[in-house]
Amino acid sequence: MRAVVCQEAGGPEVLAVADRPDPSPGPGQLVVELAAAGVNFIDTYLRAGVYPASYPHVPGSEGAGVVVGVGDGVAGVAVGDRVAWESAPGSYAERVVVPADRAVPVPDGVPLETAAALMLQGLTAHYLVTSTYPVRDGDDVLLHAGAGGVGLLATQLAVARGGRVITTVGSAEKEELSRGAGAADVVRYRELDDVAADLPRVVRDLTGGEGVHVVYDGVGKDTFDASLASLRRRGTLVLFGGASGQVPPFDIQRLNRAGSLFLTRPTLSDYVVTRDELLGRAAELFAAVEDGTLDVRVGATYPLADAPDAHRALEGRRTTGKVLLVP
Ligand SMILES: NC(=O)c1ccc[n+]([C@@H]2O[C@H](COP(=O)([O-])OP(=O)(O)OC[C@H]3O[C@@H](n4cnc5c(N)ncnc54)[C@H](OP(=O)(O)O)[C@@H]3O)[C@@H](O)[C@H]2O)c1
């Protein structure tokens with residue numbers, strides 16, 4: 001089979017297609033013929049060496065496809081079943097070994113590409129707005145990178161719960177997409193002279209001087225100060241990523257001075273701990289797709305061999321919605 005293999009950490013050019021032995025399923029495992037793999041920011045952190053990886057490294061953790069092999073001790077899954085996953089290392093490959101307990105059955109009404117697009121970013125959007133800070137009817141919400149993969153999904157889910165969502169985006173095209181997802185107000189933050197000073201002022205103007213109940217911030221370094229200053233008293237900052245870089249060490253007294261704020265830095269694996277939790281969140285997402293209340297935008301699809309271009313686009317802020325790789 002063909003897979004994308006990195007021999008060392010580096011820029012997008014280290015992603016090269018190579019032949020690998022066809023995998024066979026060990027106990028508790030499935031082998032799945034890939035329909036689509038998701039491209040995620042964490043793949044770029046691992047490729048670049050921001051997070052440690054061992055080499056040769058096959059990137060990717062997310063995808064969907066059809067089961068072609070079932071290992072010993074696996075019950076309830078058969079060859080031919082359609083499954084999706086968010087945590088199978090080596091997913092940028094024609095055949096992927098998936099731990100059976102992380103494989104989610106995909107309903108007939110959901111295309112495999114949509115399922116691949118929903119697993120990591122969709123489950124993230126779901127836990128952020130339902131569990132980390134559960135959006136309540138009437139809440140004011142600020143969400144950065146509103147036209148991104150997590151952004152478009154989280155906006156729709158937060159609006160469905162009654163939130164009034166303000167987003168930030170990097171371009172006019174992204175503004176249109178974000179409004180389409182339900183954002184009530186959209187700020188083009190790259191046009192602000194000083195994001196840390198100007199964005200909180202805009203947000204306060206939009207919220208009657210109060211600030212928002214919650215900020216979901218996956219941009220990190222460039223937005224963190226603005227996010228804190230955009231919160232109302234006892235508001236919650238959910239820092240869930242660092243697309244612009246990691247936030248430096250933080251003086252905890254700032255939470256006190258800024259109005260008894262809450263700060264959390266969540267990660268998906270802590271919100272899909274048990275199989276029931278994984279299946280429950282995925283079932284809600286799939287049901288919303290099937291009844292038409294959740295639109296999943298696949299902004300770009302690349303062949304496996306063009307993985308370097310997919311990473312360049314994601315890191316260069318040129319993507320909207322989900323980026324997929326197909327065999
Ligand atoms: N904690 C978790 O469980 C979890 C799970 C999944 C993802 N994440 C994180 O969530 C964030 C969003 O992930 P995603 O996959 O949905 O990506 P994405 O939002 O589709 O893409 C990232 C977006 O961030 C914005 N951005 C701002 N400054 C940037 C910079 N300097 N470089 C690159 N992008 C910049 C860009 O949008 P604009 O052009 O609109 O600014 C860009 O399109 C990432 O930080 C990711 O690591 C966290």
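These are legends for close-up views of a predicted model.

Residue numbers start at 1 and run along each chain as its sequence is written. In this predicted model, local features need pLDDT of at least 70 and side-chain atom pairs count only at pLDDT 80 or more, while totals for chains, interfaces and linings use all residues; side-chain values use heavy atoms, with hydrogens and water left out.

**View 1**
At the contact, 10 residues of domain 1 meet 14 residues of domain 2, where contact means heavy atoms within 4.5 Å.

**View 1. The largest nonpolar core.**
A nonpolar core here is a set of buried Ala, Val, Leu, Ile, Met, Phe, Trp, Tyr and Cys residues joined through side-chain atoms within 4.5 Å. As for exposure, buried means under 20% relative accessible area, exposed means over 50%, and partly exposed is what falls in between (1.4 Å probe, protein chains only). The largest core has 45 residues, and Leu-118, Leu-128, Val-129, Tyr-216, Phe-286 and Leu-294 are the ones that touch the most other members. Two or more residues each come from S3, helix H2 (112–132), strand S8 (140–143), helix H3 (149–160), strand S11 (212–217) and helix H8 (275–290). Those labels are DSSP runs numbered from the N terminus: helices are H or I with at least four residues, strands are E with at least two. H2 gives the largest share of this core, 12 residues. Because domain 1 (2–119 + 297–326) and domain 2 (137–265) both give residues to the core, it lies between them.

**View 2. Zooming in on Val-129, with a second core elsewhere.**
What does Val-129 touch, leaving aside its neighbours within four places in sequence? Its contacts are Pro-134, Val-135, Ala-154, Leu-157, Ala-158, Arg-161 and Tyr-216. There is also a second, separate core of 31 residues, with Leu-30, Val-98, Ala-103 and Leu-325 among them.

**View 3. H2 crossing H8.**
The two helix axes come within 9 Å and cross at roughly 110°. Axes are lines fitted to C-alpha atoms, for helices over the stretch in contact, and angles run from 0 to 180 degrees between N-to-C directions. H2 and H8 therefore count as roughly perpendicular; that label covers 65 to 115 degrees, with under 35 roughly parallel, over 145 roughly antiparallel and the rest oblique. On the H2 side, the contact includes Leu-118, Leu-123 and Tyr-127, and on the H8 side it includes Leu-278, Leu-285 and Phe-286. Sorted by class, this contact has 10 nonpolar, 5 polar and 2 charged residues. For the classes, Ala, Val, Leu, Ile, Met, Phe, Trp, Tyr, Cys and Pro count as nonpolar, Asp, Glu, Lys and Arg as charged, and the others, Gly among them, as polar.

**View 4. H9 and what packs over it.**
Helix H9 spans residues 307–315, and its buried residues are Ala-307, Pro-308, Ala-310, His-311, Ala-313 and Leu-314. The cover over them includes strand S1 (2–5), strand S3 (29–39), helix H1 (41–48), strand S14 (298–303) and strand S15 (322–326). With H1, the axes come within 10 Å and cross at roughly 110°, so H1 and H9 are roughly perpendicular to each other. H1 brings Phe-41, Asp-43, Thr-44 and Arg-47 to the contact, while H9 brings His-311, Leu-314 and Glu-315. That makes 2 nonpolar, 2 polar and 3 charged residues.

Most residues other than glycine have a negative phi, and most peptide bonds are trans. Arg-317, in the loop between H9 and S15, has a positive phi near 65° and is partly exposed at 37% relative accessible area. Ser-260 also has a positive phi, about 55°; this residue sits in the loop between helix H7 (253–257) and strand S13 (262–264) and is partly exposed at 47%. Which residues does the cis peptide bond join? The pair is Tyr-55 and Pro-56, with omega about -5°, and Pro-56 lies in the loop between H1 and strand S4 (63–70).

**View 5. Ala-229 in H6.**
Ala-229 belongs to helix H6 (residues 224–229) and is partly exposed, at 32% relative accessibility. Beyond residues up to four places away in sequence, Ala-229 touches Pro-200 and Arg-204. Val-212 is 17 residues from Ala-229 in sequence and 9.6 Å away in space, C-alpha to C-alpha.

Notes: Domain bounds come from an automatic or database domain assignment.
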